[in-house]
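Subject: Structure for your attention

Dear colleague,

Please find below the structure that I am handing over to you.

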Amino acid sequence: MKAVLFEAFRQAPVIRTVPDPEPDAAGVVVKVEATGLCRSDWHGWMGHDADIVLPHVPGHELAGTVMSVGKDVRRWRVGDRVTVPFVAGCGHCHECMSGNHQVCENQFQPGFTAWGSFAEFVALDFADVNLVRLPDGLDFVTAASLGCRFVTSFRAIVDQAKVLPGEWVAVHGCGGVGLSAIMTATAMGANVVAVDLTEDKLAFAREIGAVATVNAAATEDVVGAVRDVTRGGAHVSIDALGHPRTCFNSIANLRRRGRHVQVGLMLDDHARPAIPMDKVIAHELAILGSHGMQAFRYQAMMDMLETGTLAPQKLIGKRIHLDEAPAALTRMDSFEGRGITVVDRF
């Protein structure tokens with residue numbers, strides 16, 4: 001099969017012909033119909049993820065068609081249209097048994113713990129636990145765009161922050177994660193303040209539901225600006241970028257007993273950011289993480305897609321060929337364009 005491969009961290013990825021994958025007994029092989037490019041893939045290429053063994057094929061936001069099935073798989077057949085969470089649970093550990101597959105103790109992550117979806121085919125483990133059937137009306141490109149950023153933001157807003165109608169939600173960073181959070185929070189009836197450095201992304205944030213915006217490049221006091229707009233601070237705040245400054249601002253702009261959710265990855269030299277712990281204590285703030293979403297929770301999100309309450313297709317930016325993926329991957333940290341880039345041709 002054709003795949004994007006890198007043999008050393010920070011070395012330019014290349015297109016290679018590599019052996020087709022075979023399914024494990026509990027796994028499947030999926031023909032990749034579409035796969036998203038995510039900043040997490042860039043982190044992996046940079047060497048920030050200890051799970052990656054070289055040489056490596058990245059890619060974790062995917063949708064496709066089941067091509068072959070392991071002997072122990074019961075729920076899936078060749079030809080099924082599927083997607084998968086980027087964190088796949090084993091189904092047997094304590095966390096999985098409690099319903100928390102997204103923090104499985106033995107998790108499988110395509111594109112990180114194993115070769116991923118920047119390829120014509122990808123092998124997926126623990127298929128009966130983790131595959132998600134795609135509705136007939138959901139196209140592969142939209143389904144692939146859900147895989148990491150959208151589902152992580154959905155869980156951050158709905159399950160972690162438990163956003164209520166009428167609450168103020170601040171979203172720091174208007175890339176794919178932030179835009180997904182804005183759309184979901186708006187669908188939940190919240191009032192969203194979007195924060196970013198560029199006016200074009202802020203304008204798009206307003207198009208999909210933000211009621212106010214703050215340009216962090218033109219505002220000396222981002223925290224003060226958010227607190228002014230929200231009349232005392234956000235009830236919920238999301239760091240959708242993953243940077244020490246956005247993390248600090250997201251916590252500092254909360255009102256008393258507010259909830260911060262860290263969605264943007266904090267890796268390498270950003271892994272231990274300073275936070276306003278004095279405010280966390282005095283104002284009883286809650287600090288939460290959000291890392292993927294369990295397969296069984298997809299149905300609630302899919303129902304909202306079917307009714308049009310959520311429209312992730314609006315967040316899709318460029319559609320590119322697999323041959324363009326190596327260059328696009330290495331540029332992920334430049335935050336070019338807006339929305340989600342998806343490979344839909346192989």
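The paragraphs below set out what was found. Please bear in mind that this is a predicted model.

I begin with a sheet. Six strands form an open sheet in the order β10-β9-β8-β11-β12-β13, and their pairing is parallel. Strands β10 (212-215) and β13 (286-289) stand at the edges with a single partner strand each, so one side of each has no neighbour in the sheet. On average, neighbouring strands of this sheet are turned by 20° against each other, direction ignored. Within the sheet, β8 (residues 168-172) and β11 (residues 234-239) run parallel and are joined by four bridges. In one of these strands, β11, Ser-237 is the bridge partner of Ala-170.

Next comes helix α10, which spans residues 298-306 and has Tyr-298, Met-301, Met-302, Met-304 and Leu-305 as its buried residues. Viewed down the axis of α10, these buried residues fall within an arc of 160°, so they line one face of the helix. They pack against β5 (81-83), β7 (132-133), α4 (140-160) and α5 (176-187). After α10 comes Gly-308, with a positive phi near 85°.

Finally, I turn to the aromatic rings. There is one aromatic pair. Phe-6 and Phe-9 form this tilted pair, with 6.2 Å centre to centre and 50° between the planes. Phe-6 is buried, at a relative accessible area of 1%, whereas Phe-9 is partly exposed, at 32%. Elsewhere, the charged end of Arg-81 sits over the ring of Phe-140, 4.5 Å from the centre of that ring.

Yours sincerely

Key. Residues are numbered from 1 along each chain as its sequence is written. This is a predicted model: local features need pLDDT of at least 70, side-chain atom pairs count only at pLDDT 80 or more; totals for chains, interfaces and linings use all residues. Side-chain values use heavy atoms; hydrogens and water are left out. Buried means under 20% relative accessible area, exposed over 50%, partly exposed in between (1.4 Å probe, protein chains only). Helices (H or I, at least four residues) and strands (E, at least two) are DSSP runs, numbered from the N terminus. The arc is that of the directions from the helix axis to the C-beta atoms. Contact means heavy atoms within 4.5 Å. Rings of Phe, Tyr and Trp (its six-membered ring) pair if their centres lie within 6.5 Å; planes under 30 degrees apart count as stacked, over 60 as edge-to-face and the rest as tilted. A charge sits over a ring if NZ of Lys or CZ of Arg is within 6 Å of the ring centre and within 35 degrees of the ring normal. Two strands pair if DSSP finds at least two bridges between them. Axes are lines fitted to C-alpha atoms, for helices over the stretch in contact, and angles run from 0 to 180 degrees between N-to-C directions.
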